[in-house]
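Me: I've got the sequence and the model open side by side. Can you walk me through how the helices pack and what sits around the ligands?

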Amino acid sequence: MARKERALLFSKAAAAGALLLLALLLLALAPLALAGERRGAAAPDDPIAANASRMVDEGRQTFRYDTFGDQVFWSRILGIHEALKTVSPRTALTVGLKVDSDALPPGILAHANLDDPAVTAELLRRNAVVGVRGFFNQNGTLRAAGITCALCHSTVDNSVAPGIGKRLDGWANRDLNVGAIVNLAPNLQPVASLLGVDVATVHTDLQSWGPGRFDAELFLDGKAFRPDGKTAATLIPPAFGLAGVDGHTFTGWGSVTYWNAFVANLEMHGQGRFWDPRLNDPVKFPIAARNGFFDVQSEHDFITPKLASLQVYQLAIPAPTPPAGSFDPAAAGRGKTVFTTAGCAKCHVPPLYTEPGWNRHTPEEIGIDSFQADRSPDGHYRTTPLKGLWSHSKGGYYHDGRFATLRDVVDHYDSHFGLHLTEAQKGDLVEFLKSL
Ligand code: HEC
Ligand code: HEC
């Protein structure tokens with residue numbers, strides 16, 4: 001074959017190859033183009049889907065980044081930003097704060113000095129400290145800091161280093177030592193005045209919480225300790241898998257949006273409007289009644305306009321599925337039957353794993369003391385939705401972590417309900433709980 005012909009043949013083959021590639025590429029892109037068309041068409045034809053998607057985006061922003069103006073309380077009043085200026089990233093990680101690696105340019109952490117408080121300021125400037133927002137002066141110094149929902153209800157996947165990685169919204173941060181962090185604030189006198197105690201007592205109360213705990217009722221009733229002397233703080237619960245669930249919080253204070261308004265106004269000390277006449281009870285909630293927490297009206301309302309999308313976002317957060325190998329599937333399969341025959345499924349009704357309807361019970365029904373239930377308006381405990389249990393084993397189970405392991409929970413029910421489960425049944429039940 002002449003050289004010219006060979007070249008021609010070769011170029012023909014190349015052209016055919018290129019055409020084939022182009023065809024394949026078009027085929028591969030076609031579904032994307034179609035999807036794009038569908039998405040584009042969604043707005044006029046499907047305003048509901050478009051609205052849902054907009055609200056999820058907006059709610060995520062609020063959940064992760066919104067302080068509702070609470071920096072006025074945390075910084076102007078308590079001065080916590082002054083303390084943050086002296087905290088190194090290493091110390092911040094030690095008290096359970098998490099770093100969002102997606103907010104940082106790749107590789108930046110490899111060269112960062114984690115013992116330098118200036119690096120903490122830089123992380124804040126880049127919005128990389130999960131649940132903490134920094135506000136800066138023009139000259140670059142930290143002017144104020146506030147907190148967001150993500151502080152307690154998010155963690156990271158540790159993909160870069162322990163405490164540093166991608167955000168996991170809705171997961172309970174059981175490493176976070178809220179009490180130790182608040183204790184850093186230079187001026188706790190306003191908190192002491194609120195509670196009617198001295199500053200030393202506030203320090204002791206906050207110190208008693210420990211990691212993964214917070215006391216949402218302390219600023220209502222002033223009870224820092226249970227009758228047995230242990231802290232009155234509860235565990236931080238996850239904020240995922242909540243769609244379809246009626247009552248929220250361990251004691252069923254109300255709906256998701258009720259509680260969001262409560263927390264944003266009364267716990268984070270954001271600026272908004274809150275109304276709940278149940279708090280105007282000087283016997284049960286002396287501090288709330290004295291301070292008018294049942295009828296809050298700030299000058300600005302940064303909270304109410306965010307509540308709708310914040311609720312939609314939270315209801316959209318699925319419970320995470322357990323990693324492969326974290327439970328024994330055969331045992332879990334048998335445990336599913338035990339879950340039904342032992343009566344667990346009567347309260348923890350699959351697939352919600354709480355009751356459809358009024359999901360509260362008296363302390364006697366589940367065989368525990370009434371201390372925490374009595375700190376709520378209805379005196380009940382809410383049936384915990386069990387999906388994603390595996391993701392918050394740290395700190396234990398039940399509202400106060402009184403049961404260190406799932407086996408301890410099962411043993412409690414076994415004796416309280418007189419179930420007489422065999423060792424094998426108990427083991428299977430635990431594997432089932434780990435599989436949820
Ligand atoms: C300082 C830590 C902290 C912050 C900040 C915080 N929470 Fe919570 N959250 C808790 C604790 C503790 C409880 C349990 C309260 C109880 O049962 O008394 C809770 C309960 C909840 C629940 C109920 C979960 C369930 O199982 O029903 C939801 C929902 C929730 N928080 C959402 C939010 C949202 C949204 C924000 C921001 C507006 C927020 N939280 C801010 C600590 C926090
Ligand atoms: C009468 C209703 C009822 C029955 C029956 C019941 N539970 Fe519960 N369960 C509850 C309530 C209420 C709580 C919340 C207790 C608390 O937080 O103090 C709870 C909490 C739990 C928790 C802890 C969840 C967490 O995140 O801390 C587990 C696990 C659990 N139940 C498993 C079971 C199993 C297994 C059975 C059957 C042996 C069972 N439950 C039977 C009402 C019930």
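Me: At what angle do α15 and α20 pack?
Reply: α15 covers residues 329-341, and helices here are DSSP runs (H or I, at least four residues; strands are E, at least two), numbered from the N terminus. This is a predicted model: local features need pLDDT of at least 70, side-chain atom pairs count only at pLDDT 80 or more, and totals for chains, interfaces and linings use all residues. Axes are lines fitted to C-alpha atoms, for helices over the stretch in contact, with angles from 0 to 180 degrees between N-to-C directions. The axes of α15 and α20 are 7 Å apart, and the helices pack at about 100°.

Me: What does that make α15 and α20 to each other?
Reply: Under 35 degrees counts as roughly parallel, over 145 as roughly antiparallel, 65 to 115 as roughly perpendicular and the rest as oblique. α15 and α20 are therefore roughly perpendicular.

Me: Which α20 residues meet α15?
Reply: Contact means C-beta atoms, placed from the backbone, within 7 Å. From α15 come A331, A332, R334, G335, K336, V338 and F339. They meet Q425, G427, D428, L429, E431 and F432.

Me: At roughly what angle do α19 and α20 cross?
Reply: α19 is 406-416 and α20 is 423-434. The axes of α19 and α20 come within 9 Å and cross at roughly 125°.

Me: Which α20 residues touch α19?
Reply: α19 brings L406, R407, V410 and D414. The contact of α19 with α20 divides into five nonpolar, no polar and four charged residues. From α20 the partners are K426, L429, V430, L433 and K434.

Me: Is the crossing of α12 and α14 left-handed or right-handed?
Reply: The axes of α12 (residues 256-267) and α14 (residues 304-316) come within 10 Å and cross at roughly 120°. α12 and α14 are therefore oblique to each other. A crossing is left-handed if the near helix is turned anticlockwise from the far one by less than a right angle, and right-handed if clockwise. This one is right-handed.

Me: Now the ligands: which helix gives the most to the shell around ligand 1?
Reply: Residues are numbered from 1 along each chain as its sequence is written, while chains are lettered from A and ligands numbered from 1 in the order in which they are written. Of the 26 residues around ligand 1, C149, C152, H248, T249 and F250 come nearest; near means a C-beta atom, placed from the backbone, within 6 Å. α7 (150-153), α12 and α14 each supply at least two residues. With five residues, the top contributor is α12.

Me: Where does the largest share of the shell around ligand 2 come from?
Reply: Of its 25 residues, C344, C347, Y397, H399 and Y413 come nearest. Two or more residues each come from α16 (344-347), α17 (363-366), α19 and α20. The largest share, four residues, comes from α19.

Me: What pLDDT does the protein chain average?
Reply: pLDDT is the predictor's confidence in each residue, from 0 to 100. It stays under 50 over residues 29-38, which have zero contacts beyond four places in sequence. Still, 90% of the residues score at least 70, and the chain average is 92.

Methods. Contact = placed C-beta atoms within 7 Å. Nonpolar A, V, L, I, M, F, W, Y, C, P; charged D, E, K, R; others polar.
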